[in-house]
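Good morning, and thank you for coming. Please look at the structure on the screen while I go through its chains and their contacts.

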Amino acid sequence: MHLLEIRNLHAGVDGKEILRGVNLTIDPGEVHAIMGPNGSGKSTLAQLLAGRDTYSVSEGQVLYQGEDLLSMSPEDRAVAGVFLAFQYPVEIPGVGNMYFMRTALNAIRRRRGLEELDAMDFLALAKEKLKLVEMDQKFMNRSVNEGFSGGEKKRNEILQLAVLDPKLAILDETDSGLDIDALKIIAHGVNGQRRPDRAMLLITHYQRLLNYVVPDRVHVMADGRIARSGDRQLAMELEQKGYAWLEQQPDPTSRRGAVAQ
Amino acid sequence: MTESRQHYLARFESLRERLDKLGTDRVRRLRRSAIERFGDLGFPTVKNEEWKFTNLAPLLAVPFEPANRDGFDLDALRPVAARFDGARLVFVDGHFQPSLSSVGGLPKAAVVSDLATAFAENPALVEANLGQHALAKSSAFTALNTALMQDGVLLQLPKGTVLNDPLQLVFVSTAPSKMSSPRILIVAGEGARATVVEAYLGLCEPPYLTNAVSEIVLEQGAQLEHYRLQDESARAFHVGLVQVTQGRDSHLVSHSFSFGASLARTEVRTVLGEEGSSCALNGLYMGRVQQHLDNLTSIDHASSHCTSRELYKGVLDQRSTGVFSGRIRVHPDAQQTDASQTNKNLLLSEDAMVDTKPQLEIFADDVKCTHGAAVGQLDEDAIFYLRTRGMAQQDAKRLLTYAFAREMVELIRLDAFKARIETSIATKLPNGRELAEAA
């Protein structure tokens with residue numbers, strides 16, 4: 001049984017089809033990268049896998065550990081081990097970061113039949129995980145993401161990944177908007193979270209994250225489907241030739257034609 | 001409408017002999033003119049601009065009788081009073097209960113007494129201030145309170161007196177179909193400082209009416225932090241006025257929490273009468289079922305170099321309705337006025353409603369006045385974010401609602417009162433008890 005199996009997934013919003021037949025299989029321990037130009041459907045796929053209900057699925061299915069993922073609520077997916085690091089983490093004024101993460105972890109642990117962590121135990125856990133993303137403990141005492149810089153928000157996402165301990169971590173453009181130092185910290189944090197029993201799906205516009213987090217498989221998404229799959233070489237090829245290179249092998253079923261750079 | 005007016009005029013006549021024994025000739029004259037004024041005004045209708053969003057029909061449908069002094073269960077009240085640790089005056093159905101009260105620990109210079117005692121012992125002070133700030137002529141409810149008041153509080157702080165601990169005024173209603181008309185008079189002399197808590201609670205399931213008036217004078221440099229909690233029983237009616245007159249460089253901080261009652265109207269009005277005076281008016285109203293919670297604030301910038309800050313938040317669930325009317329009037333010679341007003345509302349259901357009405361009347365030119373009002377729902381992105389972290393949808397909504405309200409809780413500087421408010425908020429939210437540590 002695969003960890004994640006996406007079969008011929010078609011989905012859209014307001015009658016407009018964005019995903020047009022995505023196929024993707026991920027096994028535990030693997031790191032996959034999905035690259036692709038803006039508007040290709042990468043983020044839609046990420047949001048859909050996490051349970052965003054603004055998209056409607058018209059065809060196909062998604063199996064997670066053999067179960068129908070699309071019929072599960074977002075919180076059930078989290079309990080089952082799906083985690084999405086948001087491209088735009090949400091600011092939540094008035095809710096402390098520490099409380100937020102402990103409540104989230106305990107909600108998941110309770111549902112998994114595990115004992116909840118008290119404030120002391122959680123603090124110890126948080127301190128350990130904070131080191132991974134080189135975050136100061138003071139961020140735990142602030143409201144969730146409120147007033148955080150772009151890089152701090154992304155680090156806070158990876159921190160949540162480390163705390164919540166998922167089986168499938170989807171990272172949606174976690175590298176976007178970061179300078180090289182911040183990118184290295186994030187990459188270091190992500191590498192620290194690679195495990196034989198955990199898969200990762202990195203969604204990125206640029207190749208540069210993949211210099212630091214080396215994927216097992218690279219997929220190129222264009223016009224709502226996976227246009228190419230390969231190993232790390234594919235990412236490098238794309239870096240050299242640009243997404244326009246994909247157009248040279250146009251898909252006969254594509255109605256939209258050329259993909260915007 | 002006329003019927004209810006006649007009802008209360010008749011109640012005044014039947015109580016007249018008793019009322020005439022309270023206070024001096026001037027107080028008697030004050031009552032007479034107040035009841036006349038009430039007779040002229042009658043109860044306000046929605047045609048009255050200040051009552052545009054509040055229909056009083058449910059309140060007027062019950063012919064409330066002035067509450068008696070006795071007939072309550074003292075044992076049931078002891079635990080209620082005990083929750084207000086420290087200096088407190090407790091009133092049951094509007095009447096002072098010495099056995100539930102305790103004013104030890106207050107500085108000797110401070111005059112703290114029930115109003116009935118004050119009528120006898122401090123007639124000059126009472127005469128000079130009572131009814132001089134909260135004017136019977138401007139409101140039927142104030143007029144009715146002035147005519148029918150029997151008890152309440154006098155707090156006088158001579159020049160420089162500082163109350164380190166809060167004085168708590170607790171009003172508990174126990175009697176069905178009764179009305180109480182408590183009257184509070186606070187006179188803070190030059191440089192005096194105090195914190196006062198007013199709490200209105202109910203131990204009575206059937207409807208009753210509280211019609212409270214607080215009249216507050218802050219002399220030069222005086223500072224008052226005023227906390228007001230309206231947490232009446234679910235079927236009760238509550239009308240309350242806090243009327244403040246501020247002297248030079250005085251500072252008022254008002255916190256008004258409106259949680260209870262089926263229909264509540266709370267007014268906080270201050271006149272920044274002399275240079276350099278300032279105020280901060282904070283409010284939180286949280287309605288459920290079919291509650292109607294009306295909040296009116298009025299700030300008169302009557303002098304130059306005065307500052308006012310205002311932040312009111314509303315959370316309306318189910319079929320409840322909220323009202324915020326914020327009037328700021330900047331008089332022609334009130335140059336260098338600095339005023340800001342913010343009202344934010346969170347609607348938790350499709351049937352909940354809020355009317356928000358900022359009203360700025362600016363007659364001076366060198367001023368800084370800002371205002372903003374917002375009505376919104378919970379942020380769907382935030383709900384989704386929390387759910388992807390494992391929180392159930394209801395828990396996510398509860399947490400975000402609590403986070404919205406807690407900004408007002410954070411402004412409370414009294415630990416015990418803060419804990420009380422947190423509990424009240426939590427009981428308004430399903431399973432909200434453990435939320436108090438959320439920040």
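In this predicted model, 22 residues of chain A are in contact with 18 residues of chain B. Which elements of chain A each supply at least two residues of the side that touches chain B? They are α2 (74–80), β7 (92–96), α3 (97–111) and α5 (150–164). By class, this side of chain A has 15 nonpolar residues, together with five polar and two charged ones.

Let us now consider chain A by itself. Its secondary structure comes to nine helices and twelve strands. The radius of gyration of chain A is 18 Å, close to the 18 Å that the globule rule gives for 261 residues, so chain A is as compact as a globular protein of that length. Along the principal axes, the C-alpha trace of chain A spans about 60 × 40 × 35 Å. Of the 261 residues in chain A, 46% count as buried. Among contacts in chain A between residues at least 6 apart in sequence, 71% join residues at least 24 apart.

The domain assignment gives domain 1 (2–274) and domain 2 (379–439) of chain B. How far apart do the C-alpha centres of these two domains of chain B lie? The distance is 32 Å. Their contact takes ten residues from domain 1 of chain B and nine residues from domain 2 of chain B. On the domain 1 side, β9 (193–202), β11 (223–231) and β13 (251–258) of chain B each supply at least two residues. The largest share, three residues, comes from β11(B). The residues of this side of domain 1 of chain B divide into five nonpolar, two polar and three charged.

How values were computed
Residues numbered from 1 in each chain as written. Chains lettered and ligands numbered in written order. Predicted model: local features only at pLDDT ≥ 70, side-chain atom pairs only at ≥ 80, totals over all residues. Domains from an automatic or database assignment. Contact = placed C-beta atoms within 7 Å. Helix = DSSP H or I, 4+ residues; strand = E, 2+ residues; numbered from the N terminus. Nonpolar A, V, L, I, M, F, W, Y, C, P; charged D, E, K, R; others polar. Rg over C-alpha atoms; globule rule 2.2 N^0.38 Å. Buried ≥ 20, exposed ≤ 12 C-beta atoms within 10 Å, placed from the backbone.
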